[in-house]
Amino acid sequence: MTKDTLVRLTLRQPDDWHVHLRDGDALSTTVPDCARSFARAIVMPNLKPPVASLDAASQYRDRILAAVPDDVSFEPLMTLYLTPSLAIDAVREGRASGLIKGVKFYPQGATTNSDAGIAALDTVMPVLDAMADVGLPLLVHGEVTDRDIDIFDREAVFLERTLGPLMARLPELRVVLEHITTEDSVQFVQAHPAMGATITAHHLIYSRNDMLAGGIRPHLYCLPILKREKHRHALIEAATSGHPQFFLGTDSAPHAIGDKESDCGCAGCYTAPHALPLYVSVFDQVGRLDQFEAFASIHGPRFYGLPLNTNTISLEKRPMQIPESRPFGTKTVRLLGAGDTLEWSLA
Ligand code: DOR
Ligand code: ZN
């Protein structure tokens, strides 16, 4: 990474280790928006129906590739959805062929399109054993869904009740704790050196006050839900510390405006188009620009055992007003922070 002047940062092209591209017409926006910043992305499988077979993953990959603009190169890294009936053969063949880079575990009912997820991990131990055997990572949405657990505690309780016991039972399993939101998760990951964790831009920038104080802001509603300031500070410290277990995963998750501004609004923030300016602004604010390349472009490929990107991109310290919206199929999606001004832009 070189800083030619104080205002331009050139780094290896980053990858997004957690993104929702959706499907159909939406791909004509979501894929270019991701591919203009990121060389590769781990693509979430929570479509309807879920991506739970090698055929489904391969066909989804083709639809994504068909939407990549001619002037960029982009590699979608495919995942399988862990359903109660996911085939062990799909795990073994998916890993051997290189098509599949991870299996996503959604606790049933935890978030968008998680109905097909897992109620009790005991039921899928043979699949997890096979994953540990072939070295295929488990990508975890880390929240319990019990109605008696407060929504702000769901991640911390998940560590205690689900992830801790799983790691003790199957220590060889490679695990990414996705979109971590708490100090508890930072500490849990650090205590398990073989794990990785992704951190979103929105969890670095906003806390629950931003979402709920002085009015409810549905465009800040995501899952796991934004937490209090002390957790946000722990995430900033983890992301900017140079610690190799933490890497960039936007969890960019578009929903049409009407589906968010609703009686029962959907969870998810759309950040793909401006993710890099969002993240780099945080690193700059804490004086850690020198750690940005490691977080965005090095720790992720090292965890997944993939080569580092060799091409570079540049960011400039030049104010950018976040656009209001983007087309989303026949509808419209609002960008996170629409109308706000960021200190950094894509060069
Ligand atoms: O905010 C979120 N949106 N969190 C998730 O876990 C899923 C995602 C989505 O697919 O909309
Ligand atoms: Zn996600």
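Predicted model: local features only at pLDDT ≥ 70, side-chain atom pairs only at ≥ 80, totals over all residues.
Two residues are in contact when heavy atoms of theirs lie within 4.5 Å.

Select Leu128. Setting aside residues up to four places away in sequence, Leu128 touches Leu82, Leu121, Leu138, Leu166, Leu170 and Leu173. Now widen the selection to the largest nonpolar core, which has 103 residues. Leu128 is one of the residues that touch the most other members, together with Leu82, Leu163 and Phe292. Which helix gives this core its largest share? Select residues 275-285, helix H11, which supplies seven residues. A separate core of 11 residues lies apart from this one, and Ile42, Tyr81, Phe247 and Phe303 are among its members.

**Second stop: helix H4**

Return to Leu128 and select helix H4, residues 125-134. The buried residues of this helix are Met125, Val127, Leu128, Ala130, Met131 and Ala132. In an α-helix, residues three or four places apart point the same way, because there are 3.6 residues a turn. To see what covers the buried residues of H4, display helix H3 (88-97) and strand E6 (100-105), then strand E7 (138-140) and helix H5 (154-169), which are included in that cover. Just after H4, select Gly135, where phi is positive at about 80 degrees.

Move on to the loop between E7 and H5, where His141 is found. Is His141 buried or exposed? Its relative accessible area is 2%, and because buried means under 20%, His141 is buried. Leaving out residues up to four places away in sequence, the residues that His141 touches include Lys104, Phe105, Tyr106, Pro107 and Ala110. Thr111, Phe158, His179, Leu223 and Pro224 are also among the residues it touches.

Select His179 next. The side chains of His141 and His179 make a polar contact at 3.4 Å. His179 lies in the loop between strand E8 (175-177) and helix H6 (183-190). Its relative accessible area is 2%, so His179 is buried. The phi of His179 is near 35 degrees, a positive value in a residue other than glycine.

From His141, step to Leu223 and Pro224, both of which His141 touches. A cis peptide bond joins Leu223 and Pro224, with omega at about -5 degrees. Pro224 is placed in the loop between helix H8 (208-212) and helix H9 (229-240). Then select Lys48 and Pro49, which are also joined by a cis peptide bond, with omega at about -5 degrees. The loop that holds Pro49 runs between strand E4 (40-43) and helix H2 (54-66).

**Last stop: the cavity**

How many cavities of 30 Å³ or more does the structure hold? There is one, and the space in the largest cavity is about 120 Å³. Of the 17 residues that line it, select the closest to its centre: His20, Thr111, Leu223, Asp251 and Ala253. By class, the lining comprises five nonpolar, nine polar and three charged residues.

Finish with Asp251, in the loop between strand E10 (246-248) and helix H10 (257-260). Asp251 has a positive phi of about 50 degrees, although it is not a glycine. With a relative accessibility of 6%, Asp251 counts as buried.

Note on methods. Residues numbered from 1 in each chain as written. Chains lettered and ligands numbered in written order. Heavy atoms only, no water. 1 Å grid on protein atoms, 1.4 Å probe; cavity = no way out; pocket = protein on both sides within 12 Å on 5 of 7 lines; lining within 4 Å. Points joined across faces, edges and corners; volume = space filled by probe spheres on them. Nonpolar A, V, L, I, M, F, W, Y, C, P; charged D, E, K, R; others polar. Buried < 20%, exposed > 50% of the residue type's maximum accessible area, 1.4 Å probe, protein only. Helix = DSSP H or I, 4+ residues; strand = E, 2+ residues; numbered from the N terminus. Polar contact = N/O pair within 3.5 Å; in protein donor to acceptor, adjacent residues only side chain to side chain. Core = buried A, V, L, I, M, F, W, Y, C linked by side-chain atoms within 4.5 Å.
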